[in-house]
Amino acid sequence: MKLLKRFVLIVAGLVALLLVIGLLLPSHFAISRSLVINAPAERIFPHLDKPRAWKNWSVWNRRDPAMQIDYAGPDQGVDAAWRWQSATEGNGNMTFTAVDANKQLTYRLSFPDFGMSSTGVLRLEPTGTGTKVTWTNEGDMGNNPVNRYFGLFMDQMVGPDFEAGLSNLKEIVEKQG
């Protein structure tokens with residue numbers, strides 16, 4: 001009995017230690033990836049500011065072709081929105097909050113099942129060979145210590161998806177030539 005009591009105390013102590021450490025971890029996360037597309041911004045932007053166009057290049061839509069998507073608001077621009085339900089990619093919603101045509105799109109992303117939201121930006125900058133597209137996403141994991149551990153790995157988990165999405169976008173736009 002003494003051994004069991006000691007074991008329970010050790011496990012409880014480790015859990016408490018992990019929770020305290022989790023509370024000390026940063027709550028903010030940021031992800032950023034860039035890619036040069038050999039095309040002017042005018043050819044790229046229509047793929048960004050229309051929620052229905054995202055399914056053609058977003059890696060999440062490609063991973064789950066059965067994803068259920070509902071669109072709301074205007075077809076493009078500010079207040080254009082979509083929400084999805086997916087067994088593999090989770091449930092979420094996105095609303096475009098600011099648009100500077102051919103330069104920048106800002107959106108609000110939410111995953112209600114996880115109590116998480118973030119702000120994303122797709123920025124287009126002319127380069128000598130085309131347009132540099134930079135995709136960023138930042139958010140706050142709140143006070144939940146488990147979410148803060150999760151936040152430590154956001155860049156490693158989501159960054160490759162941003163890279164794949166940008167590559168898909170590049171392929172689509174450059175094929176349209």
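This is a predicted model: local features need pLDDT of at least 70, side-chain atom pairs count only at pLDDT 80 or more; totals for chains, interfaces and linings use all residues.
Residues are numbered from 1 along each chain as its sequence is written, and side-chain values use heavy atoms, with hydrogens and water left out.

Helices (H or I, at least four residues) and strands (E, at least two) are DSSP runs numbered from the N terminus. Residues are termed buried under 20% relative accessible area, exposed over 50% and partly exposed in between, with a 1.4 Å probe and protein chains only. The accessible areas come from the Shrake-Rupley method with a 1.4 Å probe, and for residues only the protein chains shown count as cover.

A pair of aromatic rings is described by the distance of the centres and the angle of the planes. Rings of Phe, Tyr and Trp (its six-membered ring) are taken as paired if their centres lie within 6.5 Å; planes under 30 degrees apart count as stacked, over 60 as edge-to-face and the rest as tilted. Eleven aromatic pairs are found in a search of the whole structure. Trp-82 is buried with a relative accessible area of 5%, and Trp-84 is buried with a relative accessible area of 8%. Ring pairs link a cluster whose members include Trp-54, Trp-82, Trp-84, Tyr-107 and Trp-135.

A nonpolar core is a set of buried Ala, Val, Leu, Ile, Met, Phe, Trp, Tyr and Cys residues joined through side-chain atoms within 4.5 Å. The largest such core has 32 residues, and those with the most contacts inside it are Ile-44, Leu-48, Trp-54, Met-94, Tyr-107 and Trp-135. Helix H6 (residues 154-176) gives the most to this core, contributing six residues. The expected span of a helix is 1.5 Å times one less than its number of residues. For the 23 residues of H6 this span is 33 Å, which agrees with the 33 Å between its end C-alpha atoms. Among the buried residues of H6 are Val-158, Asp-161, Phe-162 and Leu-169. Just after H6, Gly-177 takes a positive phi of about 20 degrees.

Side chains of opposite charge can pair when their charged atoms come close. With a salt bridge defined as a side-chain nitrogen of Lys or Arg within 4 Å of a carboxyl oxygen of Asp or Glu, the count comes to seven. Arg-63 forms a salt bridge with Glu-89 (3.0 Å, N to O). This pair links distant parts of the chain, with Glu-89 in the loop between E3 and E4 and Arg-63 in helix H4, 26 residues apart. Arg-63 also forms a salt bridge with Asp-161, the closest N and O atoms being 3.0 Å apart. Here the partners are 98 residues apart, Asp-161 in helix H6 and Arg-63 in helix H4. Asp-161 is buried, at 11% relative accessible area, whereas Arg-63 is partly exposed, at 41%. Within H6, Glu-174 and Lys-170 lie four residues apart, about one turn of the helix, and their salt bridge has its closest N and O atoms 2.8 Å apart.

Positive phi values also occur in residues other than glycine. Phi is near 75 degrees for Asp-79, in the loop between strand E2 (68-72) and strand E3 (81-85). Phi is near 65 degrees for Asn-102, in the loop between strand E4 (92-100) and strand E5 (104-111).

Patches are made of residues with over 30% relative accessible area and no salt bridge, like charges being joined within 9 Å and nonpolar side chains (Val, Leu, Ile, Met, Phe, Trp, Tyr) within 5 Å. A nonpolar surface patch of about 810 Å² includes Met-1, Leu-4, Phe-7 and Val-146. Helix H1 (residues 2-24) supplies the largest share of the patch, six residues. Val-146 lies in helix H5 (residues 145-152) and is exposed, at 54% relative accessibility.
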